[in-house]
Amino acid sequence: YAFGGRAEPLRYAAAIGGIAFEDRFITGETHKKEKAEGKRRWSGPPEVVVIDKDGKDLVTIAQSNTCLRYIGKLAGLYPENKVSAALADEILDSSEDVFGVLMGAMAGKEKDEEKKAAAEELLKDDGKLTYWVKKFACRQKEAADRGVKSGLFVGEEITIAELKFAATFGFLMGRLPGFGKDGYMGKDENKALLAIIEKVNANDKVKAFTEQFNKNTAAFKEKAENCSFKYGGKTVSGAL
């Protein structure tokens with residue numbers, strides 16, 4: 001789709017790793033049509049088409065976290081240490097749990113007052129989203145207690161864990177009433193987590209990608225035929 005969501009950390013990983021890729025935008029209507037025709041690999045986007053050494057389509061992979069791990073390995077953003085990799089995987093999987101909480105709470109909510117009421121319920125002291133925010137804060141504190149000085153979840157450098165977290169929480173901050181940095185995420189107890197999002201967004205390669213991405217989304221919205229955009233970098237092929 002022509003917005004962040006689950007595809008955003010995949011794009012960020014490729015940009016940071018300097019990997020060339022082609023980004024194809026689709027509309028919700030196109031997705032429904034293609035899914036009905038059996039063209040979705042599993043349920044929905046993102047999907048990644050891997051090419052072989054001759055530039056031909058080799059295989060399509062899907063499920064957003066699987067795609068992110070694959071690109072993360074190519075980009076050097078998925079830890080080689082097995083324990084560190086597991087810690088990164090925790091963040092990926094828990095971020096998906098957060099998406100589930102949001103979708104469940106907002107299902108069928110069309111009016112602004114309904115969305116606001118649902119958000120307030122999620123953000124109560126015993127709310128479902130509050131539970132997850134506190135868990136992410138615990139994982140961040142654990143990292144600090146292990147000697148990690150960066151404020152990140154796994155180590156001193158950004159990994160796919162921070163990319164996934166930043167994309168997920170950035171998505172929520174833009175859509176969930178009262179969750180932004182002027183509200184819930186701006187509270188003192190959440191500012192350390194907010195700093196992770198800001199650190200990802202401040203990355204020079206992420207900033208350069210985002211600038212071009214915004215131009216591409218504008219072109220797509222102006223004319224839907226403008227749906228495929230290429231980003232430069234090194235070509236990485238796969239093999240089976």
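1. Cavity lining. Eight names to check: Leu 87, Glu 90, Ile 91, Arg 139, Glu 142, Arg 146, Phe 153 and Val 154 line the largest cavity. The largest share is from α4, with three residues. Helices here are DSSP runs of H or I with at least four residues, strands are runs of E with at least two, and both are numbered from the N terminus.

2. The model is predicted: local features need pLDDT of at least 70, side-chain atom pairs count only at pLDDT 80 or more, and totals for chains, interfaces and linings use all residues. Residues are numbered from 1 along each chain as its sequence is written, and side-chain values use heavy atoms, without hydrogens and water. On a 1 Å grid over the protein atoms alone, a cavity is a set of points where a 1.4 Å probe fits but cannot get out; a pocket is an open set with protein on both sides within 12 Å along at least five of seven lines; lining residues have an atom within 4 Å of a point. Points are joined across faces, edges and corners, and a volume is the space filled by probe spheres set on them. The structure holds one cavity of 30 Å³ or more. The largest cavity has about 60 Å³ of space.

3. The lining of the largest cavity has four nonpolar, no polar and four charged residues. Ala, Val, Leu, Ile, Met, Phe, Trp, Tyr, Cys and Pro count as nonpolar, Asp, Glu, Lys and Arg as charged, and the others, Gly among them, as polar.

4. Largest pocket. About 1,000 Å³ of space lies here. Its lining has 29 residues; Phe 21, Glu 22, Glu 47, Val 48 and Val 49 lie nearest the centre. Elements that each supply at least two lining residues include α1 (8-17), β1 (21-24), α3 (64-75) and β4 (228-231). The largest share, five residues, is from β2. By class, the lining splits into 19 nonpolar, two polar and eight charged.

5. Second largest pocket. Its volume is about 690 Å³. Of the 24 lining residues, Tyr 1, Phe 3, Arg 6, Met 103 and Phe 171 lie nearest the centre. Both α4 (82-106) and α7 (160-175) supply at least two. The largest share, five residues, comes from α4. The classes are 13 nonpolar, seven polar and four charged.
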